[in-house]
Every structure is written in C-alpha cells, then in structure tokens.
Protein chains: 2
Amino acid sequence: MPIRRSKVQVLVKWIFENQHKLQTVRYCSSSLRYKELEDSAAQPQPEHVAPPATAPSHKPRPHITPEISFKFDDLQVRLAAPYQLQPKPEAKELGFGKYFTDHMLKIYYHKELGGWQKPEIMPFENLNIHPAAKALHYAIQLFEGLKAYRGVDDKIRLFRPDLNMERMNLAAQRSGLPMFDGEELIKCFTRLVQIDQEWVPHSETSTLYIRPTLIGIEPTFGIMAPESALLFVILSPVSTYYKASTDGAVSIFADPNVVRAFPGGVGNRKVGSNYGPTIEATARAAKLGHHQVLWLFGPDHELTEVGAMNIFMVYINDQGEKQLSTPPLNGLILPGVTRRSIIELASEWDDLTVKEEVITMQRVIQLNKEGRLLEMFGAGTAVIISPISRVGFLEQDISIPTMKQAQPVFQRVKDTLLAIQYGHMEHPYAKVIS
Amino acid sequence: MPIRRSKVQVLVKWIFENQHKLQTVRYCSSSLRYKELEDSAAQPQPEHVAPPATAPSHKPRPHITPEISFKFDDLQVRLAAPYQLQPKPEAKELGFGKYFTDHMLKIYYHKELGGWQKPEIMPFENLNIHPAAKALHYAIQLFEGLKAYRGVDDKIRLFRPDLNMERMNLAAQRSGLPMFDGEELIKCFTRLVQIDQEWVPHSETSTLYIRPTLIGIEPTFGIMAPESALLFVILSPVSTYYKASTDGAVSIFADPNVVRAFPGGVGNRKVGSNYGPTIEATARAAKLGHHQVLWLFGPDHELTEVGAMNIFMVYINDQGEKQLSTPPLNGLILPGVTRRSIIELASEWDDLTVKEEVITMQRVIQLNKEGRLLEMFGAGTAVIISPISRVGFLEQDISIPTMKQAQPVFQRVKDTLLAIQYGHMEHPYAKVIS
C-alpha cells in the first residue's frame with residue numbers, strides 16, 4: 001500500500017535526496033559553524049574529504065606545496081564545543097588507555113599531493129577509514145608511547161621525546177611509511193597537551209599517556225608501501241598498567257616455544273606486527289597464573305624482553321661487584337627510552353657496574369642457585385619499573401628475591417626516574433612544556 | 001554581517017538540525033527503502049551506534065541472544081540507493097584491488113553482548129573506527145582472499161571456500177579474535193556476491209576478488225585479546241596482480257638476510273603481521289629489477305615462499321622421473337588453497353611425481369647446473385600461477401628454463417585450475433552460487 005505524503009513530506013524528501021547540493025545551507029545548519037566560517041575567511045579550512053568508496057585513489061584538495069616534513073607553523077586548531085567536552089574520570093578509575101581526552105592531532109600524507117599535509121588539532125573523533133586501507137590488512141602501522149607528567153611545581157613535563165621521535169622515524173622507514181621531522185611533531189603534540197592540559201592528572205601516580213600512531217590508509221590491495229598515510233596523536237590519562245601481586249611484583253612465564261622476534265625481522269622497531277602475534281602466548285601465561293611472557297630466543301634461551309618491556313637483572317658478578325645487566329640491542333630488542341635512561345643514569349652510580357650482555361636462562365638459574373641473583377625487573381614507558389618475583393620456565397618455578405632486598409636497585413632506578421619526571425630534581429631528560 | 005535567509009532556508013535549516021527526529025521521513029527518502037521497511041516490520045533494524053569517543057567501552061543495543069556463531073538466517077540486507085551505485089570500470093583498467101563494488105558485509109562481535117551480532121549487508125562505506133582500536137596499534141587483524149568466477153555457462157562459482165574459512169578460523173584463534181562457523185560466513189558473502197553479481201567480470205581473465213577481514217576494534221591500549229571485533233567482507237573486480245616481464249614470467253630476489261617467518265611465529269597464519277614487515281625487502285628487490293622476494297630460511301637457505309605465494313619447482317629427480325615439489329607445511333609456510341589443490345590434482349597425473357620436501361638454494365643451483373631443473377613457479381589465489389624465469393641470489397643471477405619447456409607443468413596446472421574455476425569442467429572444488 002503506497003504511503004500518502006503531504007507537501008512538506010515531499011519537500012523534505014527532496015531535501016534529503018539533494019542535500020549534497022545545498023552546501024551553503026548545510027553550513028548554516030549549526031550556529032557553531034558561523035564562527036568557523038568567519039575564521040576561515042582569511043584562511044580556508046582544509047577539507048580531508050573521505051574518498052569515494054570505489055575510487056581507485058583519493059584526491060583531496062591540495063593545500064600545501066610539496067615539502068619534506070609537515071611544519072608546526074602550519075598547525076590548524078579547531079577546538080571542541082563545550083557540549084563535546086567529556087567528564088574527567090577519577091584517578092583511581094583510570095587503568096591504562098581506557099579514557100581519552102577532548103582533542104586529537106591528525107596529519108595526512110598524500111604522495112600525489114606532494115607529501116605531508118597541514119597538521120590539524122580537532123575534537124576527538126572516530127576515524128573514517130576506507131575498508132581496504134592497508135593498515136587494516138597488512139599491518140602497515142606503527143606507534144609510539146610517551147607521557148606528560150604534572151610535576152610538584154604544577155608544570156607539565158615530557159621525558160626525552162626526541163628519542164621517541166627518532167625511533168618512530170626508524171619504524172616508518174622499516175614499514176614503507178613516510179618519515180618526518182620529529183621536532184615538528186613534538187611541537188604539534190605539545191600544543192595538543194597544552195590544549196587538553198586539564199587532563200594531565202594532578203597526581204604522582206598517574207600521567208597523561210601520549211600515543212602517536214602512523215598508519216597506511218591507501219585503499220588498495222597491493223602489498224607495497226602506501227601512497228597515503230595518517231599520523232594521529234591521541235591522549236589518555238593513565239595510572240598503572242599491570243595489576244601486580246600483593247607484594248607489588250609480577251610473575252612471568254618463559255616458554256621456549258614462543259618467539260617474539262627474529263633476526264631479519266622487526267623486533268627492534270615499534271610496529272604493530274610485534275604485538276598481535278604475542279596475544280595468544282600472553283593469554284596462555286595468564287591462564288597459568290603469570291602476568292606476562294618472558295620472551296626467550298635461540299637454543300641457549302637468551303632473555304630478550306618481558307611482556308612489552310625491556311628486562312634488567314641485578315646480581316653479584318664474578319668480581320664480587322653488584323652488576324646491573326640488560327641484553328644488548330642485537331636487532332631482537334626494542335630500544336626502549338626507559339632502558340636507555342636507566343643505563344645512562346646507573347652508569348653514573350659508583351656502587352654499581354652496568355653492562356649490556358647476553359643473559360641466558362641457564363645463567364639466571366645458576367646465579368639464583370648460588371644466591372648471587374638479587375633482582376629482576378621490567379622497564380618501559382607504560383609500566384615505568386615492574387619488579388619480577390617469579391619466573392616459570394619449563395617445569396621449574398623460580399623465585400627471584402627482588403622484593404627481599406634491603407635497598408633494591410629497581411626502587412632506586414624508579415625513584416630517580418620519577419624524581420626527574422615529576423620535577424623533584426632538575427635534569428636535562430625532562431622538558432617543561434607548560 | 002548576518003546572512004539573510006528565506007523561509008525555505010529557515011525550514012531547510014530546521015530540517016538539518018532535526019533530521020534525527022524524522023526517521024519515518026528519512027526512510028521515505030529513497031523509494032528502495034519501502035520494501036525494506038515492510039520486510040523489517042516483524043524484525044526491527046539493528047543499530048550499530050558508534051561508541052562515544054571517550055567512553056571506556058561501547059555499548060551498542062543488544063539484539064541477539066548469546067550464541068557461538070552468527071547465522072546466515074539473521075542476515076539483514078540494506079540495498080544501495082540508485083544514486084549510490086558506482087560505474088563499473090573496464091576490464092583492462094582493473095589491476096588488483098583498486099575498485100570496489102556497491103555493497104559490503106559487516107558482522108560485529110561484542111563479548112559483553114554475548115558475542116557475534118547479526119550479519120548485515122549494506123551499501124559500501126568507509127569504516128568508522130575508534131582511533132584506539134587495537135587493530136590500528138597492535139595489528140590484531142587477519143584476512144582471507146578468494147574469488148568468484150563467471151563461468152562459460154554464465155554461472156558464478158567459488159573455489160573451495162571451505163578451506164579459506166578453515167584457515168580464517170585458525171588465524172582468528174592465533175590472534176585472540178573470535179571464531180565462527182565458516183559455512184555461515186560463506187552463505188553470507190555468497191549473498192553479497194549475488195547482490196553485486198554484475199560486478200563479477202564477464203571475462204576469463206578477470207574475477208571478483210572476495211576479501212573477508214577480521215579486526216579487533218576494542219578501543220583500549222592493553223595488549224590483549226579484544227572484546228570487540230568487526231568482520232567485514234568487501235569485493236573487488238580484479239585482473240592480474242603482477243606486471244610480468246615480456247615472456248610472462250617473473251624475476252625473484254633471494255636475500256638470506258631478510259626473513260618472512262620463523263618457528264614460533266605466525267608465518268602459517270594469514271594475519272596482517274606477515275605482510276607489513278615485508279614491504280621494505282620487496283621495495284629493495286624491485287629496485288634491483290625483480291618482481292618479488294624469494295623468502296629463505298635458516299643456514300641452508302631453505303625456500304619457503306615467494307612474495308605472497310607458495311613456491312613450486314619441477315625437476316628430474318634421482319630416479320629420472322619428472323617431479324613437482326613444494327616445501328612442506330613446517331609452520332613457516334602459509335597453507336595455500338591453490339597450493340593444496342595443485343598437490344591434490346597433480347597427484348592424480350601418472351607422468352608426474354608430487355612431493356612436499358625441503359628445497360634449499362644449493363639444491364636449486366645444483367639441479368639447474370645439471371640441467372635437471374625444469375621449472376619454478378609461484379601459486380596463490382591472487383596470482384593463480386606465476387612462472388619464474390630468474391632468481392637473484394647473493395652475487396648470482398640464475399636463469400630458470402621455466403618458459404623454455406615444450407609442455408610446462410605450470411601451464412597444465414594453470415589450465416586445469418582455470419577449467420575448474422570457469423566451469424569448463426565439472427569438479428567438486430567448484431561451488432556454483434548463482
């Protein structure tokens with residue numbers, strides 16, 4: 001039975017069918033847009049139009065001349081309207097990476113438009129991605145993780161962001177994704193943090209986690225470097241990553257049959273492909289009552305990483321000195337910013353020998369048996385320092401006396417890092433941004 | 001200066017501002033919707049509302065009871081309006097995976113809603129993805145590739161889709177993504193192909209490529225199995241994958257320092273993480289004038305795969321017989337549907353010995369030197385059969401006489417596969433769907 005329609009309905013139907021022609025009217029449909037239209041009179045807004053679904057390639061309107069990197073000076077900012085602002089969760093509810101702030105940063109790359117486009121800060125929103133985007137099929141994607149800390153002086157600091165940018169560019173190069181000037185990206189996301197600065201927790205147990213991400217968005221099925229990419233940065237207020245045991249330490253499981261990285265692979269680059277394949281082994285470790293996987297490599301069961309952290313060990317060496325060791329950067333290990341900082345800081349301490357050296361499970365077991373193994377801990381931006389009190393390996397359940405030391409190295413390392421990060425001491429690693 | 005508006009403009013503005021309230025009118029805006037509104041009278045439309053940007057988890061409205069797999073019987077179809085239909089490109093312009101059809105299939109999984117939701121076919125559209133979705137950061141993603149062939153009898157066939165579904169479920173299990181009933185997914189995308197059947201090329205050199213994809217969409221930063229996922233299927237009319245040399249064969253480059261897969265990894269599962277890390281090596285091979293990389297493994301330089309294909313070799317064995325060999329499924333090799341079909345088909349041929357065996361570069365070089373190496377070729381759904389005429393390895397440039405055989409095995413294999421796929425012969429591998 002046909003539906004009877006009034007004249008208004010006919011008009012309304014016409015409008016819905018023809019709304020694409022009504023651009024002027026569309027801009028008028030929200031009073032919020034007026035301001036924007038005025039603002040953009042001098043400076044036309046970029047339009048990153050979503051590509052038509054079946055087009056072979058997308059042709060957004062060019063708005064910069066070709067150049068090597070995007071520039072902070074080109075940054076455009078569109079602030080969220082009051083009604084778009086989200087309530088800030090309580091510090092104790094934060095967890096890790098569950099809440100996001102009110103704004104985000106986006107920078108598009110289109111080879112055919114000369115490369116990087118203008119950086120834009122905008123209200124936090126979902127991404128509009130073509131379902132054939134290479135990032136979704138071939139893992140052409142990489143990310144970084146760093147934090148903004150609110151210090152005792154209420155100033156906000158970053159911790160060695162240049163190292164993250166260096167690593168991000170190495171990962172881009174390895175992934176066929178475009179490189180950029182890290183200093184320019186630091187300036188852009190610094191502005192983002194400044195805009196969302198009330199999201200930086202007023203707490204020394206919480207921080208604002210910064211997640212720069214670079215993905216290939218060219219919507220074609222060829223397995224090759226994408227001609228279009230999107231760099232975005234999102235912010236998440238975070239507290240602790242792990243729920244540790246009651247003693248504050250974690251238990252780790254080492255299965256010689258699971259492998260995180262391999263020579264000739266991407267284990268030393270922060271790319272998505274290092275993480276997806278670890279999910280199953282991590283779940284298996286969890287079922288056995290462990291927090292994380294200790295990733296071994298080779299017939300000698302060399303320790304490489306633990307979970308998504310670098311691993312450290314403290315023991316009495318053959319010279320009777322207290323030694324802090326971590327595996328060397330042999331291509332299988334992520335060059336952690338926390339890792340590097342610990343090595344650099346601890347090298348200044350007179351009472352500790354610091355060494356990058358191969359550590360095998362046999363060595364761990366032997367040192368432990370002889371009572372020379374004092375501590376093991378993981379280190380990374382997300383977790384800071386995570387002491388380890390137990391290692392499951394083959395049929396063995398190895399207790400590590402990390403939590404039994406009177407003045408543990410892990411605590412000293414952690415206190416030093418936190419002192420720098422939260423402004424208790426002046427240090428060149430910390431960069432005040434607000 | 002305020003903009004002067006006519007009464008119609010005021011009405012239009014009001015409509016744009018209030019269109020969310022006008023559901024009935026919206027549904028009337030396309031005449032195609034009438035039929036659907038009637039169809040759905042008994043069965044209310046699902047609403048997959050995008051999660052609010054900063055929410056810790058998304059809570060779309062539950063609309064099915066908990067169950068193990070989605071079901072074809074629950075499939076809902078929303079057809080594209082006439083103005084949404086795209087022109088079909090010429091067969092010669094197709095290339096591989098550059099054009100997409102008018103519709104797509106989406107199936108959401110939300111653990112907290114009991115798992116798989118109802119399958120939906122809808123007009124092709126961009127995905128709306130939270131920027132923290134695990135698929136974009138940790139490569140929690142996998143895909144499949146199969147084809148719909150338009151036969152000489154104008155019927156449309158699939159080729160052993162059950163094997164793709166089996167492999168897809170193994171990849172899901174390996175990735176912490178939800179599993180499902182493969183038969184149900186085949187029925188769902190069969191319906192999708194039927195709807196877009198005019199996109200199946202009327203040609204025996206082109207096909208409609210089917211790309212089922214499963215991604216983790218939970219928007220949190222923990223590296224663990226996602227509680228929300230999206231399975232989508234998109235279709236792309238395709239012709240050839242490679243631009244081969246003038247003789248129709250490809251040249252491949254074997255660098256012992258690059259590794260595609262390793263024991264304990266995911267080389268035998270069709271997940272995104274196997275592809276991103278190969279881009280750099282492939283680009284390097286291309287710069288040296290090769291089409292693809294020959295992936296070697298171990299100190300003996302075992303052949304594993306070539307590009308994104310399985311590899312085959314034809315030679316005169318020690319018993320003087322003509323032998324077709326391919327490396328065994330040792331965990332480093334993707335269990336290709338074309339690979340398996342070739343082994344099964346060729347095993348029936350009396351004049352050929354078929355074997356899965358380790359093949360080293362040394363063996364290839366030795367056989368070639370003795371004049372016993374006859375052919376090498378790659379095999380996969382995307383390329384079908386790709387003869388290889390040249391291998392670059394260390395300082396050597398090895399010519400393979402694949403294109404010099406009077407009655408090459410690769411051609412016989414290819415003709416047999418195409419005969420089955422395009423309906424020249426009846427065979428249980430082919431499944432008529434339209």
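Predicted model: local features only at pLDDT ≥ 70, side-chain atom pairs only at ≥ 80, totals over all residues.
**α6, chain A.** I looked at the N-terminal end next. Asp181(A) caps it, with a side-chain oxygen 3.0 Å from the backbone nitrogen of Glu183(A). I then listed buried residues in α6(A); among them are Leu185(A), Ile186(A), Phe189(A), Leu192(A) and Val193(A).

**Core.** I checked the largest nonpolar core, which has 126 residues. Leu185(A) and Leu185(B) have the most contacts inside it. For Leu185(B), I set aside neighbours within four places in sequence. Its contacts then include Phe70(B), Met165(B), Met168(B), Phe180(B) and Leu231(B).

**α7, chain B.** I went to helix α7 (residues 279-287) of chain B. Ile279(B), Ala281(B), Thr282(B) and Ala285(B) are buried there. They cover an arc of only 165° around the axis, so they sit on the same side of α7(B). I asked what covers them. The cover includes α5 (161-175) of chain A, plus β11 (250-254) and β12 (292-297) of chain B. Just after the helix, Gly289(B) has a positive phi of about 90°.

**His290, chain A.** I found His290(A) in the loop between α7 (279-287) and β12 (292-297) of chain A. Is His290(A) buried or exposed? It counts as buried, because its relative accessibility is 8%, and the cut-off is under 20%. Its side chain makes a polar contact of 2.7 Å with the side chain of Ser251(A). The side chain of His290(A) also reaches the backbone oxygen of Ile252(A) at 3.3 Å.

Technical notes
Residues numbered from 1 in each chain as written. Chains lettered and ligands numbered in written order. Heavy atoms only, no water. Buried < 20%, exposed > 50% of the residue type's maximum accessible area, 1.4 Å probe, protein only. Helix = DSSP H or I, 4+ residues; strand = E, 2+ residues; numbered from the N terminus. Arc of directions from axis to C-beta. Contact = heavy atoms within 4.5 Å. Polar contact = N/O pair within 3.5 Å; in protein donor to acceptor, adjacent residues only side chain to side chain. Core = buried A, V, L, I, M, F, W, Y, C linked by side-chain atoms within 4.5 Å.
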